[in-house]
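Here is a short report on one protein chain.

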Amino acid sequence: RRQSVPLALGADGTERASAAQSLGALGPAARAAVPELARALRDPAWGDVRKETLKRFTVMGMIMIPMEQIEAIGAMDQRIHVTTALRQIGPPEDVIPLLAEAMGDANALVTASASSELEELLPGSKPALRELLTHPDANVRSWAESALAPKDSAD
């Protein structure tokens, strides 16, 4: 019998991201995982796959692609999969505050992913977006204003 490993403690960032994607695919059946996904979303180290990326592109001690490319791939914060999983699992009243919190993350990829998932949850996310209008980060406030603005019917 295999023991489950909490998402935040898994040894391999790629495996953690795959676990988040799998939980998201389960949808509401994975609701019990929301607290663990919330912890993962708050932990920048959770999404770090730089070591795995370097290892993947190293064969017999030789780096197979330019180091700049390895660094760019490794810098892709895997927490973007957590934001998607949270939206897929729901319910909106549980995950909207978590996604709104992620709008203030230091990593632009996580912020962009959280904003995209909040947009997917509109109109249910409007109360959480209104709360972001007082966020200390001007970029977050600006994004919330834009998301709440009435859309042109030509869109």
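Residues 24 or more positions apart account for 64% of the contacts in the chain with a separation of 6 or more. A contact here means heavy atoms within 4.5 Å.

The model is predicted: local features need pLDDT of at least 70, side-chain atom pairs count only at pLDDT 80 or more, and totals for chains, interfaces and linings use all residues. Residues are numbered from 1 along each chain as its sequence is written, and side-chain values use heavy atoms, with hydrogens and water left out.

**Overall build**

The chain holds 9 helices and 2 strands. Their order along the sequence is α-α-α-β-β-α-α-α-α-α-α. Helices (H or I, at least four residues) and strands (E, at least two) are DSSP runs, numbered from the N terminus. The C-alpha trace spans about 55 × 40 × 30 Å along its principal axes.

The accessible surface is about 9300 Å², and carbon and sulfur atoms own 56% of that surface. These areas come from the Shrake-Rupley method with a 1.4 Å probe; for residues, only the protein chains shown count as cover. Of the 155 residues, 38% are buried. Buried means under 20% relative accessible area, exposed over 50%, and partly exposed in between (1.4 Å probe, protein chains only).

**The core**

In soluble globular proteins, nonpolar side chains tend to be buried together. The largest nonpolar core in this chain has 32 residues. Such a core is a set of buried Ala, Val, Leu, Ile, Met, Phe, Trp, Tyr and Cys residues joined through side-chain atoms within 4.5 Å. The residues with the most contacts inside this core are Leu37, Val82, Leu86, Met103, Leu118, Leu132 and Trp143. At least two core residues come from each of α1 (13-26), α2 (34-42), α5 (80-89), α6 (92-102), α7 (108-120), α8 (126-132) and α9 (138-148). α6 gives the most, with 6 residues.

Take Leu118. Neighbours within four places in sequence aside, Leu118 touches Ile96, Leu99, Ala100, Met103, Ser125, Leu129, Leu132 and Trp143.

Helix α2 also deserves a look. Its buried residues are Val34, Glu36, Leu37, Ala38, Ala40 and Leu41. They pack against α1, α5, α6 and α7.

**Asp77: buried or exposed?**

Asp77 sits in the loop between α4 (67-74) and α5. Asp77 counts as buried because its relative accessible area is 5%. Its side chain makes a polar contact of 2.7 Å with the side chain of Arg79. Another polar contact, of 3.4 Å, links the side chains of Asp77 and Asn107. A polar contact is a pair of N or O atoms within 3.5 Å; within protein, one must be able to donate a hydrogen and the other to accept it, and residues adjacent in sequence count only if both atoms are side-chain atoms. Beyond four places in sequence, Asp77 is in contact with Pro44, Gly47, Asn107, Leu109 and Val110.

Lys51 is found in helix α3 (residues 50-56). Lys55 lies in helix α3 too. Lys51 counts as exposed because its relative accessibility is 73%. Lys55 is exposed as well, because its relative accessible area is 66%.

| Pair | Separation in sequence | C-alpha to C-alpha distance |
|---|---|---|
| Lys51 and Glu71 | 20 residues | 9.7 Å |
| Lys55 and Ile70 | 15 residues | 9.6 Å |
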